[in-house]
Structures are given as structure tokens and as C-alpha cells.
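Reader: Hi! Could you walk me through this model, starting with the sheet and what packs on it?

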Amino acid sequence: MTPLDLAGRALAAESARYEAMGWMRGTSGNLSVTLARDPLRLAVTASGLDKGKLTAHDVVEVDGRGQAVPGQAQAPSAEAGLHARIADVAGAGAVVHVHAMAPVLAAEFWPDGVELRDLEMLKGFGRRAHEDTVTVPVVPNSQDMGVLGDAFEAGFRADTPALIVARHGIYVWGDDLAHARQRIECLEWLLRFRTRLYGAFEGSPQ
């Protein structure tokens with residue numbers, strides 16, 4: 001079994017997990033794993049498919065620009081370029097992009113970045129539970145992955161492995177798919193807590 005086959009199997013399993021959680025509804029969202037660094041190569045979920053029904057073959061190998069390597073039978077996600085940029089800049093082994101509701105709501109409330117602190121779940125995101133303010137960056141949505149990539153890189157912090165794209169979704173990355181999964185599950189909880197607390201005690205913005 002080739003590295004791409006192994007990656008496809010893992011990506012299909014993770015996609016099914018997120019689809020069952022309601023974070024990859026319809027054909028939304030995409031995942032990637034880094035196959036090689038020099039030159040940069042990623043395995044990315046194929047475009048336009050139900051993420052709960054992917055097979056090990058529904059994966060595309062892309063280069064450092066997110067373009068499909070010649071000979072691929074399917075097209076990669078349109079957002080593969082941002083996956084490649086994150087893998088390059090952050091050194092990520094895997095990138096998870098889902099459309100969970102809490103990050104999108106949080107970006108509406110705090111478009112300049114979502115601050116989190118003094119919450120035990122921050123440890124699962126790789127930060128300290130206390131005396132550590134975490135600001136998750138928020139960037140405006142764009143259909144141009146170069147624009148999104150530039151915005152990501154401008155606000156990149158090595159200790160904050162996440163990016164919220166306003167009115168779109170969230171990207172979280174880690175050393176591998178399991179690491180990225182742990183981080184995104186913890187961060188989604190943190191953002192859900194933050195938005196619910198805001199709604200309960202401060203009121204929604206006008």
C-alpha cells in the first residue's frame with residue numbers, strides 16, 4: 001500500500017467522524033496530511049464528495065501550491081492551496097478544515113480575534129489553562145486561496161494552531177490527524193463556551 005493509499009484511508013475515516021458530528025455537512029470541509037517536505041506534497045480530500053462516504057481512493061496528491069500532481073483521477077478541494085500554505089509555514093503534519101457553528105459565530109462577535117483564557121480545556125489545545133491569553137485569529141473570507149494564505153501568514157503564531165475564516169469555517173492543524181483532531185475538538189468546545197457565555201451575560205451584538 002502506497003503512502004497516498006494510507007493517507008486516503010486515514011482521511012476517509014476522519015472525514016466520516018467529523019460528518020457524524022455535524023461539522024462537515026453535505027460536501028463541506030476538507031482534510032489533508034503532509035506526505036513529503038522537499039518538495040512539499042500533501043494528500044487532500046477530493047472535491048465535491050459527501051464527507052461521510054469517502055473511500056481510501058477519494059484523495060488527491062497536491063504540490064506546494066495546492067495543485068494536483070499530474071496523473072490524478074480526481075480534483076482536490078478548492079481550498080488545497082491554503083492547506084499547502086499552512087503545512088509550509090506552520091510545519092503541520094495534518095490540517096483539518098470543518099464548518100462547525102461555534103467558530104463562525106465567534107468570528108461574528110469578535111472579528112479581530114477570539115480571546116480565550118482561564119479554561120482547563122486550553123491544555124488540550126496545547127496552551128496553559130491559566131495566565132495564558134490565547135487569541136485565535138480571524139480573517140475575512142475569500143475565494144482566492146492566495147489572499148487567504150497571505151492573511152493566515154500575516155497573523156501566524158506558532159503557539160496558536162488555528163485560523164477562523166469569517167462566515168466560513170475553521171482550520172486547525174497538528175503533527176498528524178489524531179493531534180489535529182484533539183486540538184479541534186478542544187477548541188470547538190472552548191469557542192462554544194465563549195459564544196454561549198457571551199449570549200447569556202452580555203447579549204448579542206446589534
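Reader: Which strands does helix H1 lie across?

Author: This is a predicted model, where local features need pLDDT of at least 70, side-chain atom pairs count only at pLDDT 80 or more, and totals for chains, interfaces and linings use all residues. Residues are numbered from 1 along each chain as its sequence is written, and side-chain values use heavy atoms, with hydrogens and water left out. Helix H1 (residues 3-20) lies across E1, E2, E3 and E4 and runs at about 155 degrees to E1. Angles run from 0 to 180 degrees between N-to-C directions, with axes fitted to C-alpha atoms, for helices over the stretch in contact (heavy atoms within 4.5 Å). Helices (H or I, at least four residues) and strands (E, at least two) are DSSP runs, numbered from the N terminus.

Reader: Thanks! What is the strand order in the sheet?

Author: The order is E3-E2-E1-E4-E9-E8-E7, an open sheet of seven strands with mixed pairing. Pairing takes at least two DSSP bridges between two strands. E3 and E7 (138-139) are at the edges with a single partner strand each, so one side of each has no neighbour in the sheet.

Reader: And how do E2 and E3 pair, parallel or antiparallel?

Author: Antiparallel, over four bridges. Leu42 has Val62 in E3 as its bridge partner.

Reader: Switching to H2: which of its residues are buried?

Author: In helix H2 (residues 80-90), they are Ala80, Gly81, Leu82, His83, Ala84, Ile86 and Ala87. Buried means under 20% relative accessible area with a 1.4 Å probe, protein chains only. Their cover includes strand E1 (30-37), strand E4 (94-98) and helix H4 (145-154). Just after H2, Gly91 has a positive phi of about 70 degrees.

Definitions and conventions. Buried < 20%, exposed > 50% of the residue type's maximum accessible area, 1.4 Å probe, protein only.
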